[in-house]
Amino acid sequence: MPDNWSFVLAAYGLAALVLGGYWRRLLRLERELVARERRRGATRDEPRPTPTSPGPPIPRR
Amino acid sequence: MTSRERALGWLAGLGLTAGLVMAFGVAPREATQGNVQRIMYLHVPAILVAYLAFGVVLVASVIYLWGRAAGADRLAHASAEVGVVFTGINIATGAIWGKPTWGTWWTWDARLTSVSIMFVIYLGYLLLRAMIEDRERAARFAAVLGIVAALDIPLVHFSVYWWRTLHQPPTLLRPGSPPMDPTFVLALMVNLVAFVLLYGYFTAKRVRLLRQEEEVFA
């Protein structure tokens, strides 16, 4: 039987693509979550606006 | 990334390198099929790891339904996802191996059909999880499906005994010693260990990301 190396290469190449693709997906997800967490942390640390003073009492007529 | 995860990743990388060396450098050329038989070192470990992954889904689903442990639900989710990846590799490499040896990419043989059904069931499992917004409800429904879906695993494995099939009987998971030269068995075992390590790495990483997702979107 011929060796059919092209089929062997196709099988191993495809497996490498699928596993590499899944790994990259996990890495991308990890990066996105870290960025989102950082954004959340940044908004939490921002100084909150102080309540404005009510101003002088309005004279009653 | 935790140190355990990093160690698993490195071990998996080393294992895969060793597996490639065994498959292409140590294992001899098979007498009947020629070098195309080397696809076996990829095809067989992929399905065995898929069995392992779906077995973990079954156990984690039972634990979740028993005590509503969120960790068990995350493990089931991650393991199902990784199991689907390995099942996909098994089906694709099987088709590539089938063309030169059987003369066809695909046939509705009992083994091929039952594996495809298993693939679709677990894809459905992931879809179900994604479709339900309420996390607790999604986990509960998925756990029930994770238990029912596991019924297909023995069907896949024993299909070659129960029906007349073009696919050969199991090579490793069978009573008695494997009907192969020890060098072939060793190459297969090294690749199996590498795939199990890779499964462990992917699953550990996915479980951690699922936990992080829950915290971020809480």
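This is a predicted model: local features need pLDDT of at least 70, side-chain atom pairs count only at pLDDT 80 or more; totals for chains, interfaces and linings use all residues.
Trainee: What makes up chain A in terms of helices and strands?

Mentor: Chain A has 1 helix and 0 strands. Its length is 61 residues, and 21% of them count as buried. The chain exposes about 5300 Å². Carbon and sulfur atoms supply 60% of that area.

Trainee: How many residues are in contact between chain A and chain B?

Mentor: On the chain A side, 26 residues; on the chain B side, 38. The cut-off for contact is heavy atoms within 4.5 Å. The area buried between the two chains is about 2900 Å², and carbon and sulfur atoms give 71% of it. There are also 6 residue pairs in polar contact between chain A and chain B, along with 3 salt bridges.

Trainee: Why is the pair Glu30(A) and Lys205(B) called a salt bridge?

Mentor: Check the distance. The N to O value is 3.1 Å. The limit is 4 Å, between a side-chain nitrogen of Lys or Arg and a carboxyl oxygen of Asp or Glu. The pair therefore qualifies as a salt bridge. This pair crosses between chains: Glu30(A) sits in helix H1 (residues 5–45) of chain A, and Lys205(B) in helix H7 of chain B.

Trainee: Are those two residues buried or exposed, Glu30(A) and Lys205(B)?

Mentor: Buried means under 20% relative accessible area. Glu30(A) has 13%, so Glu30(A) counts as buried. Lys205(B) has 0%, so Lys205(B) is buried too.

Trainee: Which residue of chain B forms a salt bridge with Lys205(B)?

Mentor: Glu5(B) does, with the closest N and O atoms 3.7 Å apart. Lys205(B) lies in helix H7 and Glu5(B) in helix H1 (residues 3–26) of chain B, so the pair ties together parts that are 200 residues apart in sequence. Both Lys205(B) and Glu5(B) are buried.

Trainee: What makes Arg25(A), Glu81(B), Arg206(B) and Glu213(B) a network?

Mentor: Salt bridges link the four residues. Take two of the pairs. Arg25(A) and Glu81(B) have their closest N and O atoms 3.0 Å apart. Glu213(B) and Arg206(B) come in at 3.7 Å, N to O. Each value is within the 4 Å limit, so each pair is a salt bridge. Arg206(B) is buried, at a relative accessible area of 4%. Over all chains, the structure holds 11 salt bridges.

Trainee: Why is Trp163(B) called partly exposed?

Mentor: Its relative accessibility is 44%. Exposed needs over 50%, and buried needs under 20%. The value falls in between, so Trp163(B) counts as partly exposed. Trp163(B) is in the loop between helix H6 (152–162) and helix H7 (182–216) of chain B.

Trainee: Which residues make the nonpolar surface patch with Trp163(B)?

Mentor: Phe158(B), Tyr161(B) and Trp162(B) make the patch together with Trp163(B). Its area is about 460 Å². A patch residue needs over 30% relative accessible area. At 44%, Trp163(B) passes that test.

Trainee: What is the phi of Arg68(B)?

Mentor: The phi of Arg68(B) is positive, about 55°, although the residue is not a glycine. Arg68(B) lies in the loop between helix H2 (40–67) and helix H3 (70–102) of chain B. With 41% relative accessibility, Arg68(B) is partly exposed.

Trainee: How do you know that Ser61(B) is buried?

Mentor: The relative accessibility of Ser61(B) is 1%. The cut-off is under 20%, so Ser61(B) counts as buried. Ser61(B) is found in helix H2 of chain B. Neighbours within four places in sequence aside, Ser61(B) is in contact with Ala76(B), Ala143(B), Gly146(B) and Ile147(B).

Trainee: Why does Val185(B) count as buried?

Mentor: Val185(B) has 17% relative accessibility. That is under 20%, so Val185(B) counts as buried. Val185(B) is found in helix H7 of chain B. Leaving out neighbours within four places in sequence, Val185(B) is in contact with Leu172(B), Pro178(B) and Met180(B).

Trainee: What separates the C-alpha atoms of Val185(B) and Thr171(B)?

Mentor: The C-alpha atoms are 9.1 Å apart, with the two residues 14 residues apart along the chain.

Definitions and conventions:
Residues are numbered from 1 along each chain as its sequence is written. Chains are lettered from A and ligands numbered from 1 in the order in which they are written. Side-chain values use heavy atoms; hydrogens and water are left out. Helices (H or I, at least four residues) and strands (E, at least two) are DSSP runs, numbered from the N terminus. Buried means under 20% relative accessible area, exposed over 50%, partly exposed in between (1.4 Å probe, protein chains only). Accessible areas come from the Shrake-Rupley method with a 1.4 Å probe; for residues, only the protein chains shown count as cover. Patches are made of residues with over 30% relative accessible area and no salt bridge: like charges are joined within 9 Å, nonpolar side chains (Val, Leu, Ile, Met, Phe, Trp, Tyr) within 5 Å. Buried area is the accessible area (1.4 Å probe) that two parts lose on being put together, summed over both. A polar contact is a pair of N or O atoms within 3.5 Å; within protein, one must be able to donate a hydrogen and the other to accept it, and residues adjacent in sequence count only if both atoms are side-chain atoms.
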